[in-house]
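Welcome! Try each task before you read its solution.

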Amino acid sequence: MIHLTIDDKSIEVPAGTTVLEAARQLDIDIPTLCYDSRLKPYGACRLCIVEIAGFPKPVTSCTTPAADNMVVRTNSALLHRLRKTTIELLLSDHPNDCMVCVRSGDCTLQELAYLYDVRENRFSGGMRDHNRPDANPFIQRDQNKCVMCGLCVRVCEEVQGVGAIGYSNRGFEAKVCPPFEKDLNCEFCGQCVSVCPTGALSGKMWAGQPRQEGVKLTDSTCTYCGCGCNITLHSHGDRLIRVSSKKTSHNRGWLCVKGRFGYDFVNRGDRLTTPLIRREKGGALEPASWDEAVQFVVTRMAGIKEKHGPDALAGLASARCTNEENYLFQKFFRSVIGTNNIDHCARY
Amino acid sequence: MAGLAAKFGSGAMTNSVAEIAENDALLVIGSNTTENHPIIGLRMKEAVAKGARLIVADPRRIPLVKFATLWLRQKPGTDAVLLNAIMHVILEEGLEDRDFITRRTEAFEEFEASLAPFTAEFGAEATGVPAEDIRKAARIFGSAVNAGIYYAMGITQHSMGTNNVHAVGNLAMLTGNVGKRAAGVNPLRGQNNVQGACDMGCLPNVYPGYQSVAIPGMQQKFEAAWGGTLSGKPGLPATEMTGAMLAGSLKGMYVFGENPALSDPNTSHSLKAFKNLEFLVVQDIFLTETAELADVVLPGSSFAEKNGTFTSSERRIQRVRQAIASPGEARNDLAIIDQIYRSFAAGSVAEYRLPDAAAVFEEAASLWPEIAGVNYQRLDKDSICWPCPAPDHPGTPFLFKAMFSREGGRALFTAVPQVLSDELPDEQYPFVLTTGRELFHYHTGTMTRRSAGLNAVAPEAFVEINPVDADGLGVHSGESLRVTSRRGMIDLKARVSGIVPPQVVFIPFHYREAAANLLTNDAMDPVCRIMEAKVCAVRIEKNMS
């Protein structure tokens, strides 16, 4: 174990722990833009700088391994000034449109500008113009809002193993884009969107939907495959408007394209909204009241049971639906109808 | 699942998903994991990044092949022979775990003898995988400390699916890779709550918790809990219901949240069966292909509109919570079933009410000791992997640590003979058709094809065909092909691609307008009654119409 002191608090950490990780264990807040505990350290944004006794100048805490007897200071007038300058530089060519930005209120850069009170900008001048339309249906790319933290590029490579995007050009012209600056053509998992600290990447389906006001968050479980990813449903009234996932979940916040962007079926206009009955064989399905539908089901099923016995009836339960529903469904067939003719589509 | 249950005493993923990253060797066979279980796929990529060696055995060049140390391209339907040959080499080279075999298994001698003919050369001949690669696979898997096997429908949806599962289990037992952390035999479940539907007794032969309907003691236990008399006669599995409908012995069906009219192999056969019913009730959120045939359609609720639990592939019980209200007069699914239940029992329409999901779970937990320790108070804090027999039990990430669930506590070796697929290519139908899912869609597409984005990136059905075969037919990507089997015919666009080997074509089964299951074979595994959706013989022609 390594013993070090951070802001006069001492801590023991295993070898290989970074100074930033050690500080977070002590609940010491060091600002970051390019850090994500699920990815390798990168050291791009320079906001996590700290002073270490014996070091000639501040170093990035996310890339500095903790060493025995280190004495670290995470906040000082110098560090504050350096960090504020960094934020000013980032904002100097950032579109100042937080009012209409989809990520407003959920943006690390916006929060830092507020915390460091960046109202005017000493470096204002040329603005980048990297935006180009991208026809993919899922991911909105607003490259003028990119701070080049590299989280999207790294998550795509390190976690997803796809490498659909990379850096091109240098300096002011530097940007993140797919090969040959074409439209995104990837798995559309949206991992990049989930780690983006600004409005540079967002879901196309989020546009024009409420951001915070009136938005209800509900923790639930994804409805697609058997991975069982934990998701948070963002809803407004009776509409699902976004799906996200928490870093602390067993799926670590990662989702696939279906889980993250495939939720709009829920609010489709062709949902069934009333019971339907085919009153005579060969006739059409017609709307009916619930009472009529339930009566019809009970009468017809009871009739078959009476005439042909319980084994002339069968139920197919659902691998899509809940344990409770499935439990009650099989109990209905077994204990009320009296047959074990119950199965579901585990086999296909 | 019957295969694993026979070997180990219960059938589910033996290990948890997080442990995958700790494997030092992985064998992925019959699972296109990154497309069908993308987040489990991430753990496999993580394992590889940490230095694990990955063996992918799949006729198709699935995306995971890019991460593989070794790719075995076996001919469709030859999985068990491939596994037998790998095990033959493991024994030949002394890579088996004798200690594990002696302490924790039975019937090894017969099994060992049964492997004698399955030399690497024999395996190469039968599977098309070079003998040297079979040896390499045996060395990678046999020399690993923690090796996990991952499979899905590519192993099970065959007429010899149970055999395949036995072969997978044999390999894990032979190398001592079950009953410990970061190893195991792991069937990946295709749908959010297949595990839960099985756990809850939606199977024709068992009550909730895999308690057999044919054992009088079990029957009495559930009669006492539920009241009334229960039938001791096992019911029909779904795949046999089709035949019973056609024969007229099955007259009424209640289909809840499934779309068998599109997902069943040999669809035209099953459509005919559904039309032959006297009475069909379908409870769903959309007018599915099956609902269109119904006499009554009951509008239910989506996952975002209800409270309950799902159980994931790794036996993890998790909360589902209501976020929004259902549209129009659509109702909560649990309440619909509850009302019909009570109305049927009373003989007249019972009053509508919303049952408490927590209480229903509690009732199920009181009847199945493996989840006796699970309740909503605990689930509201964190999910739990069963078995969890007591309120202070933390749940079980991996199974069979001390013993297997079979009588005697040992795992059973099973000799697996070579069995050919039911329908092999011939002169008239020279290609092998295999089916599956693609990343952007899910099952019969009832949900995903209604998602604007997903449908935009994957708008239409296609048939993957090898460039060699495409050349022979004079067809290019995007041109229409007619695919015909003994059971049906569909037209769809060619996607010329080296993903499939020559003489094999692949069609995803999501698309109703070109339903792959019109072609597939409804031949069944004799034990599991699963249908052979993964191999059938087809003819391919350029579509001139």
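**Exercise 1.** Among contacts in chain B between residues at least 6 apart in sequence, what percentage join residues at least 24 apart?

*Solution.* Bear in mind that this is a predicted model. Take the contacts in chain B between residues at least 6 apart in sequence, then keep those that join residues at least 24 apart: they make up 68%.

**Exercise 2.** Find out whether the radius of gyration of chain B agrees with that of a compact globule.

*Solution.* Start with the chain length, 545 residues. For the outline, the C-alpha trace spans about 70 × 65 × 45 Å along its principal axes.

**Exercise 3.** Describe the make-up and the surface of chain B.

*Solution.* Begin with the elements: chain B contains 20 helices and 21 strands. Next comes burial, and 66% of the 545 residues count as buried.

**Exercise 4.** Is B:Leu271 buried, partly exposed or exposed?

*Solution.* First locate B:Leu271 in helix 15, which covers residues 267–275 of chain B. Its relative accessible area is 25%. Buried means under 20% and exposed over 50%, so B:Leu271 is partly exposed. Leaving aside residues up to four places away in sequence, B:Leu271 touches B:Ala261 and B:Leu293.

Terms used:
Residues are numbered from 1 along each chain as its sequence is written. Chains are lettered from A and ligands numbered from 1 in the order in which they are written. This is a predicted model: local features need pLDDT of at least 70, side-chain atom pairs count only at pLDDT 80 or more; totals for chains, interfaces and linings use all residues. Side-chain values use heavy atoms; hydrogens and water are left out. Helices (H or I, at least four residues) and strands (E, at least two) are DSSP runs, numbered from the N terminus. Buried means under 20% relative accessible area, exposed over 50%, partly exposed in between (1.4 Å probe, protein chains only). Contact means heavy atoms within 4.5 Å. The radius of gyration is taken over C-alpha atoms; the globule rule is 2.2 Å times the number of residues to the power 0.38.
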